[in-house]
Amino acid sequence: MNWIKKVFTISDKIKKILKKRPTKEDIENSKWISCCGPILKTDLNDNQWVCNKCGRHHKVSSRERFNIFFGKNNYEILKTPIPKDDPLKWVDSKKYIDRLNEARKKTGQDCAVMIAVGKVDDINVTVGAINFNFIGGSIGTAEGEAIIYGIQHAIDNNNPFIIFTTSGGQRMHESPLALMQMTRTTLAINELKNNNLPYIVCFTSDTAGGVTASFGSLGDIAIAETGSNIIFAGKRVIESTVNEKLPDDFQSADFTKKHGFVDMVVDRKDIKKVISNILSILLKKHSKEINENNLNDVEYDNVNTKEAS
Ligand SMILES: [Zn+2]
């Protein structure tokens, strides 16, 4: 075999190896997930999708969030209205309607937001959770409708409203119709507050853009889940605008807490307990039972939180 044939044979072998690399579907269907090392998805699931070794809080779907918050099968999912799909007939590198159908198939959700009702200890609550895997948790008309439906349900049933956010912002495929949801959800939150009902926001994973700039920032209490980032414009965009290097931890949960944007940073496993305590105080329930010891059960400031020195 001459050297030219050798080179081509080697290159064919390399191509065969490269072809064997896992596809996106292979990775999604795999039993393993990548973190500080490979971890079995079942092990992560058993630990509320938090890595046992490095403590990383992995993204969870809306249903997984409800399972963690309420306990499995301990809640009811509400059917929220779905407006007309793809009103602008949007096409970019592919049709928006195809993206929607793929997201629905992948997540088993009608839209990125799900609303559930259940109890936290003995308090009835209406809870929303965004799924980042549904087109980046972006907010379009269906998501806006779901959030407003959840808030109306809270008002009708005299329930506090809690939302777990994670989102890239408003859905560009729906353009101004998506932007309108910022105003609509803000007005709905105002109605909730007019009814003197508590509103708690829990920022998770990455929450950015229009969600941070609307209902995400209106909570009576703002909690950041450990490891989350709370963003409006991205760090690089801001750096290039102000022409200044920003701190490495800019927009992290700890950074935003240090600068007063959120009230506390809490580990996933403690969120239910913290919210239960907060609601007990806000609703003046069991006022005799709530004391300093109860609140100090969770050491908020020791949860990856550096106090300003
Ligand atoms: Zn890890």
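Two strands are said to pair if DSSP finds at least two bridges between them. I open with that definition because much of what follows concerns paired strands. The model before you is predicted.

Let me begin with strand β4, and with V117 in particular. In β5, T126 is the bridge partner of V117. Eight bridges join β4 to β5, and the two strands run antiparallel. With eight bridges, this pair meets the definition, because at least two are required. Together β4 and β5 make a hairpin, with two residues between them. In that turn, D121 has a positive phi of about 50 degrees.

V117 also has E76 standing opposite. That brings in strand β3, residues 75–78, which four bridges join to β4, again in an antiparallel arrangement.

I turn now to helix α11, which covers residues 271–282, twelve residues in number. From its first C-alpha to its last, α11 reaches 16 Å, close to the 16 Å expected at 1.5 Å a residue. Which residues of α11 are buried? They are I271, V274, I275, I278, L279 and S280. After α11 comes K284, with a positive phi near 55 degrees.

Finally, the chain as a whole. There are twelve helices and ten strands. Of the 309 residues, 37% count as buried. Among contacts between residues at least 6 apart in sequence, 69% join residues at least 24 apart.

Conventions
Residues numbered from 1 in each chain as written. Predicted model: local features only at pLDDT ≥ 70, side-chain atom pairs only at ≥ 80, totals over all residues. Expected span 1.5 Å × (residues − 1). Buried ≥ 20, exposed ≤ 12 C-beta atoms within 10 Å, placed from the backbone. Contact = placed C-beta atoms within 7 Å.
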